[in-house]
Amino acid sequence: MRERIPAAGAIAAAVALIVVVGGSYFGYRELSGDKCSGQVKLAVAAPPEIVDEVRGAADAWVADGASANGVCVGVDVAEANPVDLAAALAAKHGVALTGVGGASGSTTIPDVWIADSSLWLHRLRAAAPGFTPTDGRSIALSPVVLAMPEPIAKSVGWPDKNPTLPALLQQILTGSGLRAGIAEPTRDAAGMAGLLSLAAAAGQAGGNAQQTQTAALRALASGRSAVRDDLTAKFPQATDQASLTSGLSVAALSEEDIIRYNAKKPPVPLAAIYLDPAPLPLDYPYAVMPGTDPDKTAAADSLHKALDAAGFRDRLGALGLRGPDGSGGAGFSVPSGGPAKAGAPDAAGKGGAPDTTAVDRALSSWTTVTAPARMLAVFDISGTMRGPVPSAGGASRMDVTKEAARRGLGLFGDDWAVGAWVFSTNLGGGKDWREIAPIGPLASTRAQLLEAIGKIQPKENGDTGLYDTLAAAYETVQDGWQAGRVNSVLILTDGIGNDDPEGGLSLPALLNRLEELKDPKRPIQVIILGLGDKVNRGALDQITRTTGGGVLIAADPAQIGEAFLKGISLRPTGG
């Protein structure tokens with residue numbers, strides 16, 4: 001016969017059952033008389049390199065009786081790649097970030113996002129005014145440095161002195177044996193920070209800044225990797241000269257990446273080169289998402305206090321990360337030549353943040369240089385393109401458009417295939433368009449294309465036969481569609497839309513025609529660059545929603561160069 005469980009034992013058993021079934025500490029605390037009541041579950045997302053430490057600290061906090069404003073708190077910490085969450089947040093706010101693809105349907109937006117870099121938050125704030133997270137203070141810090149195999153670093157003066165980025169850049173570009181690489185900067189914050197520093201260094205080349213930057217981007221692209229772990233695998237794996245020569249020589253990584261790499265005792269350790277000025281660090285901002293309810297916001301604030309404790313800093317130190325003030329906790333070992341205390345963001349987590357326009361410009365240039373394409377550029381030569389641009393010294397709209405195209409072509413590699421049309425009305429043969437250069441590889445047609453663009457002149461009193469031209473251009477690119485490239489039509493126009501006295505396609509007819517032509521297996525992007533403040537954006541947006549691509553307006557036509565680069569970056573990176 002089984003023993004009867006005393007009343008006190010029955011209560012204890014019930015408590016245990018609640019704890020097991022509930023899967024949390026809530027039931028025990030409520031029945032045992034703890035002060036908190038009710039429950040709130042906080043969803044936190046953190047990047048892979050820090051997620052276990054955040055989860056461990058959160059679990060310890062919950063086990064110790066986590067509460068906020070008298071409400072019991074539970075925490076669910078999930079791993080999230082920062083670029084995936086940035087894409088999901090951008091999509092939620094109806095914007096796109098330069099170089100960032102579409103959001104995955106499986107990405108869940110948390111209550112608290114710990115990104116690896118404040119760069120993501122700054123870019124989202126700039127693109128989407130409705131994105132207004134709170135807090136934003138750092139919970140950890142890792143400087144972005146240049147990683148070099150120690151034998152190569154010693155050949156350039158390390159550890160007695162740190163070489164400068166302009167000096168290293170010069171060696172990379174003069175074929176002196178330094179092989180550069182980068183983690184895809186549109187998706188990796190350390191790569192993004194390194195790219196920004198590189199752009200600044202290239203800017204010191206004076207009148208040759210653009211050519212220097214283009215050459216540097218192409219050099220980086222040859223050693224590009226999708227993720228940092230793949231990048232580090234390209235460093236020399238043996239000490240012989242052949243391995244040192246054939247392996248990667250230099251790449252932007254986080255300090256934590258180098259500490260973690262060297263902890264594995266590789267045959268060739270990596271040296272950390274600390275630059276001056278320093279690239280933006282990985283600063284792991286703690287951002288409470290907009291719209292989070294008050295109970296969860298209070299819980300998030302309490303959790304952040306737990307992550308400010310010495311115990312969490314020691315967890316970071318063992319991992320190779322510094323505390324948010326730039327100093328290391330227990331177990332942290334500063335790499336040779338590194339500072340005991342690294343520069344840190346200010347209290348708002350925003351110190352040293354770049355102009356987001358500079359970020360977009362650098363990423364647009366990167367995308368332009370590294371993503372091979374097949375493109376038909378279509379230039380508006382209607383009479384209004386003769387109009388002067390006061391901010392460009394009186395140059396005409398046609399002049400600034402041609403100059404933007406010329407500079408853009410200078411960034412395109414020889415693996416691009418580009419052609420050009422002009423359009424207005426009645427350009428011969430009953431058409432509103434005329435080919436001035438067939439689509440062909442720039443390796444053999446660059447000079448011909450530049451010459452043809454240089455000769456473009458507006459048609460006096462010409463109108464804007466946009467819709468017929470666009471349908472014909474789309475069909476032409478589709479007929480020659482090539483796999484493995486970004487196939488696109490680029491329209492450069494100052495027109496209000498379609499202005500064709502001869503009639504031609506209406507907007508509904510054009511949209512129907514594009515729907516008929518569209519083939520998901522052969523995608524074509526339509527990028528429309530509008531000049532001036534008279535552009536009918538509503539109609540153009542309808543077109544690009546049908547085809548894919550996007551519309552960019554340079555209200556000041558003198559700014560078409562930046563719009564041109566940004567427009568190119570709207571292209572997907574495959575297909």
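Q: What is the distance between the end C-alpha atoms of helix α16 (residues 397–411) in this predicted model, and what span should its 15 residues have?
A: At 1.5 Å a residue, the 15 residues of α16 should span 21 Å. The model is predicted, and its value for this helix agrees with that span. The end C-alpha atoms of α16 are 22 Å apart.

Q: Which residues of α16 are buried?
A: Buried means under 20% relative accessible area. In α16 the buried residues are Arg397, Met398, Val400, Thr401, Lys402, Ala404, Ala405, Gly408, Leu409 and Leu411.

Q: Which residue forms a salt bridge with Arg397, and where does that partner lie?
A: The closest N and O atoms of the pair are 3.0 Å apart. The bridge links distant parts of the chain, 97 residues apart, with Arg397 in helix α16 and its partner in the loop between β15 (486–493) and α19 (507–517). Both residues are buried. The partner is Asp494.

Q: How many residues apart are Glu403 and Arg406, whose side chains meet in a salt bridge?
A: An α-helix has 3.6 residues a turn, so residues three or four places apart point the same way. Glu403 and Arg406 both lie in helix α16, about one turn apart, and their N to O distance is 2.7 Å. Their separation is three residues.

Q: Are Glu403 and Arg406 buried, exposed or partly exposed?
A: Buried is under 20% relative accessible area and exposed is over 50%, with partly exposed in between. Glu403 has 31% relative accessibility, and Arg406 has 43%. Each therefore counts as partly exposed.

Q: Where in the chain do Asp84 and Arg187 lie, and how many residues apart are they?
A: Asp84 forms a salt bridge with Arg187, with the closest N and O atoms 3.5 Å apart. The pair links distant parts of the chain: Asp84 is in helix α4 (residues 82–92), and Arg187 is in the loop between β7 (180–183) and α8 (189–202). Asp84 is partly exposed at 30%, and Arg187 is partly exposed at 38%. The two are 103 residues apart.

Q: Which residues are linked in a network of salt bridges?
A: The count of salt bridges comes to 25. The residues linked in a network are Asp116, Asp188, Arg228, Asp229, Glu256, Asp257 and Arg260.

Q: Why is α5 described as roughly perpendicular to α15?
A: Helix α5 (residues 118–127) and helix α15 (residues 356–370) pack at an angle of about 100 degrees, with their axes 10 Å apart. Angles of 65 to 115 degrees count as roughly perpendicular, so α5 is roughly perpendicular to α15. The contact is made by Leu119, His122, Arg123 and Ala126 of α5 and Thr356, Val359, Asp360 and Leu363 of α15. By class, these are four nonpolar, two polar and two charged residues.

Q: What is the omega of the peptide bonds from Trp158 to Pro159 and from Asp276 to Pro277?
A: Pro159 is in the loop between α6 (150–155) and α7 (165–173), while Pro277 is in the loop between β10 (270–273) and β11 (285–288). The bond from Trp158 to Pro159 is cis, with omega near 5 degrees. The bond from Asp276 to Pro277 is cis, with omega near 5 degrees.

Q: What is the phi of Asn69, and where does this residue lie?
A: Asn69 lies in the loop between β2 (67–68) and β3 (71–79). At 69% relative accessibility, Asn69 counts as exposed. Its phi is positive, in a residue other than glycine, and is near 55 degrees.

Definitions and conventions. Residues are numbered from 1 along each chain as its sequence is written. This is a predicted model: local features need pLDDT of at least 70, side-chain atom pairs count only at pLDDT 80 or more; totals for chains, interfaces and linings use all residues. Side-chain values use heavy atoms; hydrogens and water are left out. Helices (H or I, at least four residues) and strands (E, at least two) are DSSP runs, numbered from the N terminus. The expected span of a helix is 1.5 Å times one less than its number of residues. Buried means under 20% relative accessible area, exposed over 50%, partly exposed in between (1.4 Å probe, protein chains only). A salt bridge is a side-chain nitrogen of Lys or Arg within 4 Å of a carboxyl oxygen of Asp or Glu. Axes are lines fitted to C-alpha atoms, for helices over the stretch in contact, and angles run from 0 to 180 degrees between N-to-C directions. Angles under 35 degrees count as roughly parallel, over 145 as roughly antiparallel, 65 to 115 as roughly perpendicular and the rest as oblique. Contact means heavy atoms within 4.5 Å. Ala, Val, Leu, Ile, Met, Phe, Trp, Tyr, Cys and Pro count as nonpolar, Asp, Glu, Lys and Arg as charged, and the others, Gly among them, as polar.
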